[in-house]
Amino acid sequence: MQFGIFTVGDVTRDPNTGRTPSEAERINAAVQIAKKAEEVGLDVYATGEHHNPPFYTSSPTTFLAYIAAQTKRIILSTSTTLITTNDPVRIAEEYAMLQHLAHGRSDIMLGRGNTAPVYPWFGQDIRESLPLALEHYNLLHELWHNDVVDFEGRFRTPLQGFTSTPRPLDDVPPFVWHGSIRTPEIAEQAAYYGDGFFANGIFWPMSHFQRLIALYRRRFEHYGHGTQEQAIVGVGAQLFARPKSQDAISEFRPYYDNSAVYRGGPDLETMSEATPLFVGSPQQVIDRIMELPNYFGYYQRQMFLIDHGGMPTKTVLEQLDLLGEEILPVVRKEMAALRPAGAAPAPTHDLLVKAKYGDAEPRQPRPNDNRGDNVTGTSPYQDSDPAKPATMPSL
């Protein structure tokens, strides 16, 4: 199982000091946090995408490429990339470039986002958000899996003989996670393509995400990608730990109460009991994390939000130390013991290349008239049935 952290990239007033950091301070802090995540042994760092205040995360690929240049091991991802308001041609180009710069240490999570005004800013209609998400990914999938694409849809001008560049590294696209907190059609889309499904469990009860993940697993099997156990699932949570549980609760409460997403809702204790919000001693956090397979089955990626609501960088870095030194070693061992023999491994670029090429040298595409170096193969995460329609039907 892969473990990591994600940020939504908020620039929020610290409720204890009354001070709001500048965008520059917050961006520089995010760099420190990402590098610290690798230092303490985490597997993944992910950033969100927003185009409105109070967020700084308008250009994920620029930020992640900068992180890639300063790290060696950690996988860089998103949480999420807006599949609705971004042009899928630009997504194909920018995330393939990131994949090259990171030497394969990157993947992508796609989602519709939760900010309504962003749609008209980018020339789209929020009432079409679900059809947009489905059609745009149909095109993105085509762009990454075919050197030359002809496409015609509802939401953009047609493409004729188009090649997106650069081509994916080793002719293997970044692994795709489809993120959703409420939409069964997105779980269906992830299952159709044999991609990963990520349920960001914060803010909602466990039972809600249990149903979405169960649907995805059933449909993954239905489309012939493997058994339900072999489906590729990711789960989001939020944590705050201190050596003593009461210290954790009292220190975290102002940040909880100050959070735009929690403010005005249930109190900290109620939310912590009902959702994957884990606040307490390291052992209490471990116990709560180990409850998650009871709801979701064994899964491949666990992500935590730890820098939200105005929390100072020093405190976030302390949280990473606790996570890396006291929580993760125990959770890794206990999760490994739960892994079913037939479960899919966590996706990595090397794994996908090996699945497609075996011991052969990966194809290195050259997007010109000399495309005679095709290699055929199968991936455990992509359907290879030639009789299957090229794209998932749109709504």
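In this predicted model, Glu318 and Lys314 are joined by a salt bridge whose closest N and O atoms lie 2.6 Å apart. Both residues belong to helix α12 (residues 313-338), where a spacing of 4 residues separates them by about one helical turn. The two partners fall into separate accessibility classes: Glu318, at 25% relative accessibility, is partly exposed, whereas Lys314, at 60%, is exposed.

Helix α3 itself covers residues 88-101, 14 residues in total. From the first C-alpha to the last it reaches 20 Å, close to the 20 Å expected at 1.5 Å a residue. At its start, a side-chain oxygen of Asp87 comes to within 2.9 Å of the backbone nitrogen of Val89. Beyond the other end, the helix is followed by His103, which has a positive phi near 55°. The buried residues of α3 include Val89, Ile91, Ala92, Tyr95, Ala96 and Leu98, and also Glu93 and Gln99.

A further salt bridge links the side chains of Arg127 and Asp125, with an N to O distance of 2.9 Å. Arg127 is exposed, since its relative accessible area is 73%, while Asp125 is partly exposed at 27%. Besides these pairs, there is a network of salt bridges that connects Asp147, Arg167, Asp171, Lys356 and Arg363. The count of salt bridges in the model comes to 24.

Asp14 is located in the loop between β1 (2-7) and α1 (23-39). There, its side chain reaches the backbone nitrogen of Asn16 at 2.8 Å. Apart from neighbours within four places in sequence, Asp14 is in contact with Arg19, Tyr255, Gly310 and Pro312.

Note on methods:
Residues numbered from 1 in each chain as written. Predicted model: local features only at pLDDT ≥ 70, side-chain atom pairs only at ≥ 80, totals over all residues. Heavy atoms only, no water. Helix = DSSP H or I, 4+ residues; strand = E, 2+ residues; numbered from the N terminus. Polar contact = N/O pair within 3.5 Å; in protein donor to acceptor, adjacent residues only side chain to side chain. Contact = heavy atoms within 4.5 Å. Expected span 1.5 Å × (residues − 1). Buried < 20%, exposed > 50% of the residue type's maximum accessible area, 1.4 Å probe, protein only. Salt bridge = Lys/Arg side-chain N within 4 Å of Asp/Glu carboxyl O.
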